[in-house]
Amino acid sequence: MRRRDFLRISSAAIGAMALREVGFAGQHKRIDATWYRRYRRYVKLPGSEIAYVECGRGPAAVFLHGYPLNGFQWRGALERLQGHRRCIALDVLGMGYTRTSAGQAISPAAQAGMLAMFLDTLSIDAVDLVANDSGGLVAQMFLAEHPRRVRTLLLTNCDVDTNSPVQFVPFIEAARKGLFVDDFILPQLQDKALARSPKGMGGLAYTYPEGLTDETIETYFRPLVETPLKKAQVNKYAASMGTNSLVGIREALRRWEGPARMVWGLKDELFGVGWAEWLDRTLPGSRGVRRIPGANLFFPEEMPDLIAEEAAQLWLQQTPRVGGFPA
């Protein structure tokens with residue numbers, strides 16, 4: 001029996017073990033916007049102060065958010081997994097509550113470099129990565145540059161190989177003209193019903209847009225419009241994603257043998273499940289693809305129990321190797 005086939009057959013048994021051990025239901029403290037404001041910290045790096053929150057103890061797990069969100073996207077997963085990892089959710093360069101200087105490069109490559117420095121500052125050698133959307137793009141680039149620093153990789157709908165940039169291109173063009181924030185984000189902040197409508201972020205990216213609260217919209221969008229510099233940086237990051245950064249790391253992905261899992265929403269029109277299948281074929285240590293019918297791009301925020309279940313299962317499958325290489 002081939003190793004990959006054995007891993008797939010074993011996944012059900014390991015999943016049952018994970019559900020018995022994780023014990024997250026009803027036992028976690030509430031993490032909301034008030035908690036985020038209270039416990040937000042900053043790591044000072046050259047050219048930036050990275051906003052982040054953390055909870056729990058043990059090996060570190062880093063959660064990378066999508067665009068144009070921030071680490072608040074992962075609050076439900078942090079609630080449920082804080083008993084099993086040192087869970088860290090940060091805001092990437094130019095986004096959320098991170099303070100980024102005017103001269104700082106903001107691109108997927110810069111984000112991956114920032115993550116390495118961030119971990120160095122916190123004296124963290126290796127992490128479990130959990131990522132969504134543009135965060136998945138950054139996670140893959142970080143893995144390619146620092147394979148020994150990634151223990152496991154859990155990817156949800158995100159850029160993959162040639163499917164980057166995707167149909168987001170019209171927004172990228174607006175960002176290149178410096179118009180994306182004023183034309184797309186600011187109107188939704190001013191009219192939160194618009195944000196929940198088919199024309200807003202809710203209708204475009206959420207499974208249940210009616211559940212997108214005013215508080216959540218404020219938490220995501222308010223910091224993006226507060227200064228001309230921040231607006232310019234949000235536009236700059238979107239524009240940078242107009243250049244493909246992933247085709248060049250194919251071989252690096254093929255060499256990394258660590259445990260990986262793809263959890264994919266099937267309603268998402270940007271990142272079809274065929275790209276999750278591409279990752280499954282490409283990553284030697286893949287534990288397969290879980291397909292979520294009806295789930296849209298930002299479903300990890302809406303379905304934290306599912307993310308916690310998958311993360312717990314994946315973390316139990318670690319081997320005594322670091323980043324897919326002998327320790």
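## Ground rules

Because the model is predicted, local features need pLDDT of at least 70 and side-chain atom pairs count only at pLDDT 80 or more, while totals for chains, interfaces and linings use all residues. Numbering runs from 1 along each chain as its sequence is written, and side-chain values use heavy atoms, with hydrogens and water left out.

## Overall picture

The protein has 15 helices and 11 strands. Both are DSSP runs numbered from the N terminus: H or I over at least four residues for helices, E over at least two for strands. Of the 327 residues, 59% are buried. Here, buried means under 20% relative accessible area, exposed means over 50%, and partly exposed is in between, using a 1.4 Å probe and protein chains only.

A contact means heavy atoms within 4.5 Å.

In soluble globular proteins, nonpolar side chains tend to be buried together. The largest nonpolar core in this model holds 103 residues, and Phe 63, Leu 78, Leu 90, Phe 118 and Leu 129 have the most contacts inside it. Helix α4 (residues 108–121) gives the largest share of this core, seven residues. For the record, a nonpolar core is a set of buried Ala, Val, Leu, Ile, Met, Phe, Trp, Tyr and Cys residues joined through side-chain atoms within 4.5 Å.

Take Leu 90 as an example. Leaving out residues up to four places away in sequence, Leu 90 touches Ile 50, Ala 51, Tyr 52, Val 62, Phe 63, Leu 64, His 65, Gly 71, Met 114, Leu 115 and Phe 118.

## Strand β6 and its partners

Seven of the seven residues of strand β6 (residues 127–133) are buried, so the strand is largely enclosed by the rest of the structure. β6 runs parallel to strand β3 (residues 60–64), with five bridges joining the two; Ala 60 has Val 127 of β6 as its bridge partner. β6 also pairs with strand β7 (residues 150–158), again in the parallel sense, over six bridges. Two strands count as paired if DSSP finds at least two bridges between them.

Asp 133 is worth a look. This residue lies in β6 and stands opposite Cys 158 in β7. Asp 133 is buried, with a relative accessible area of 6%, and its phi is near 55°, a positive value in a residue other than glycine.

## Loops with something to say

Asp 91 sits in the loop between β4 (86–90) and β5 (99–100) and counts as buried at 4% relative accessibility. Tyr 52 is 39 residues away from Asp 91 in sequence, yet their C-alpha atoms are 6.1 Å apart. Beyond its neighbours within four places in sequence, Asp 91 contacts Ile 50, Ala 51, His 65, Asn 70, Gly 71, Gly 96, Tyr 97 and Thr 98.

The loop between β3 and α3 holds Gln 73, which is buried with a relative accessible area of 1%. Gln 73 touches His 65, Gly 66, Asn 132, Tyr 220, Phe 298 and Glu 301, not counting residues up to four places away in sequence.

Most residues other than glycine have a negative phi, and most peptide bonds are trans. The Tyr 67 to Pro 68 bond is cis, with omega near 5°, and Pro 68 is in the loop between β3 and α3. The Ser 164 to Pro 165 bond is cis too, with omega near 0°.

Pro 165 belongs to the loop between β7 and α6 (169–176). Asp 161 lies in that loop between β7 and α6 as well, with phi near 45°, a positive value in a residue other than glycine. Asp 161 is buried, at a relative accessible area of 4%.

## The second largest pocket

The lining of the second largest pocket comes to 19 residues, with Arg 30, Arg 75, Gly 211, Thr 216 and Glu 301 nearest its centre. α3 (75–81), α10 (214–221) and α14 (299–302) each supply at least two lining residues, and α3 gives the largest share, four. On a 1 Å grid over the protein atoms alone, a pocket is an open set of points where a 1.4 Å probe fits, with protein on both sides within 12 Å along at least five of seven lines; lining residues have an atom within 4 Å of a point.
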